[in-house]
Amino acid sequence: MIRPLDIRQLEERELFIAWEDGHRSLYPYDDLRLHCPCAGCVDETSGRRTLTPEKVKMDIQLLKIEPVGRYAVRFGWSDNHQTGIYSFDY
């Protein structure tokens, strides 16, 4: 598993991640929120995404970044959502 060396918020409403393999990634907040992998956003039985673009405000803000063990991060969003665990593989 490739782990991040640096995770930080940018002023452009993007999350920057520098990975240990040298790759650099930028993730827009609205894309991260829309792709939340939690059971409230994805039907656990079918795998169908239940969170639709209409439900995510384009001005969503990332309020908190928390590590989850050594394999993931959890985000706290301005819409009070914070249950998604984003594994580094995801």
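Modeller: Here is a short tour of the sheet, the ring pairs, the salt bridges and some surface details.

Biologist: What kind of model is it, and how are residues numbered?
Modeller: This is a predicted model, where local features need pLDDT of at least 70, side-chain atom pairs count only at pLDDT 80 or more, and totals for chains, interfaces and linings use all residues. Residues are numbered from 1 along each chain as its sequence is written, and side-chain values use heavy atoms, with hydrogens and water left out.

Biologist: Let's start with the sheet. What is the strand order?
Modeller: The order is β1-β2-β3, in an open sheet of three strands with antiparallel pairing. Strands are DSSP runs of E with at least two residues, helices are runs of H or I with at least four, and both are numbered from the N terminus. Two strands pair if DSSP finds at least two bridges between them.

Biologist: Which strands stand at the edges?
Modeller: β1 (4–10) and β3 (24–28) do. Each has a single partner strand, so one side of each is left without a neighbour in the sheet.

Biologist: And what is the average twist?
Modeller: The twist averages 20° from one strand to the next. For such angles, axes are lines fitted to C-alpha atoms, for helices over the stretch in contact, and the angles run from 0 to 180 degrees between N-to-C directions.

Biologist: How many bridges join β2 to β3?
Modeller: Five bridges join them, and the two strands run antiparallel. L15 stands opposite Y27 in β3.

Biologist: New topic. How many aromatic pairs are there?
Modeller: The structure holds five aromatic pairs. Rings of Phe, Tyr and Trp (its six-membered ring) pair if their centres lie within 6.5 Å; planes under 30 degrees apart count as stacked, over 60 as edge-to-face and the rest as tilted.

Biologist: Take W19 and F88. Why is that pair edge-to-face?
Modeller: Their planes are at 80°, so the pair is edge-to-face, and the ring centres are 6.2 Å apart. The pair links distant parts of the chain. W19 is in strand β2 (residues 14–19), while F88 is in the segment after β6 (85–87), 69 residues apart.

Biologist: Are those two buried or exposed?
Modeller: W19 counts as buried, at 9% relative accessibility. F88 counts as buried at 16%. Buried means under 20% relative accessible area, exposed means over 50%, and partly exposed is in between (1.4 Å probe, protein chains only).

Biologist: What about F75 and W77?
Modeller: Their ring centres are 5.6 Å apart and their planes are at 65°, so that pair is edge-to-face. F75 is buried, and W77 is buried as well.

Biologist: Which residues do ring pairs link into a cluster?
Modeller: The cluster holds Y29, F75, W77, Y86 and Y90.

Biologist: On to charges. How many salt bridges does the count give?
Modeller: The count comes to three salt bridges. A salt bridge here is a side-chain nitrogen of Lys or Arg within 4 Å of a carboxyl oxygen of Asp or Glu.

Biologist: Which residue does R33 pair with, and where do they sit?
Modeller: R33 forms a salt bridge with D79, with the closest N and O atoms 2.9 Å apart. R33 is in helix α1 (residues 29–34), and D79 is in the loop between β5 (72–77) and β6, 46 residues apart. R33 counts as buried at 5% relative accessibility, whereas D79 is partly exposed at 34%.

Biologist: And the other salt bridges?
Modeller: D6 pairs with R8, the closest N and O atoms being 2.7 Å apart. D6 is partly exposed at 26% relative accessibility, and R8 is partly exposed at 42%. R74 pairs with E66, where the closest N and O atoms are 3.4 Å apart. R74 is partly exposed at 26%, and E66 is partly exposed at 29%.

Biologist: Now the backbone. What is the phi of R13?
Modeller: R13 has a positive phi of about 65°, although it is not a glycine. Most residues other than glycine have a negative phi. R13 lies in the loop between β1 and β2, and R13 is partly exposed at 24% relative accessible area.

Biologist: What about N80?
Modeller: Phi of N80 is positive too, near 70°. N80 lies in the loop between β5 and β6. N80 is exposed, with a relative accessible area of 70%.
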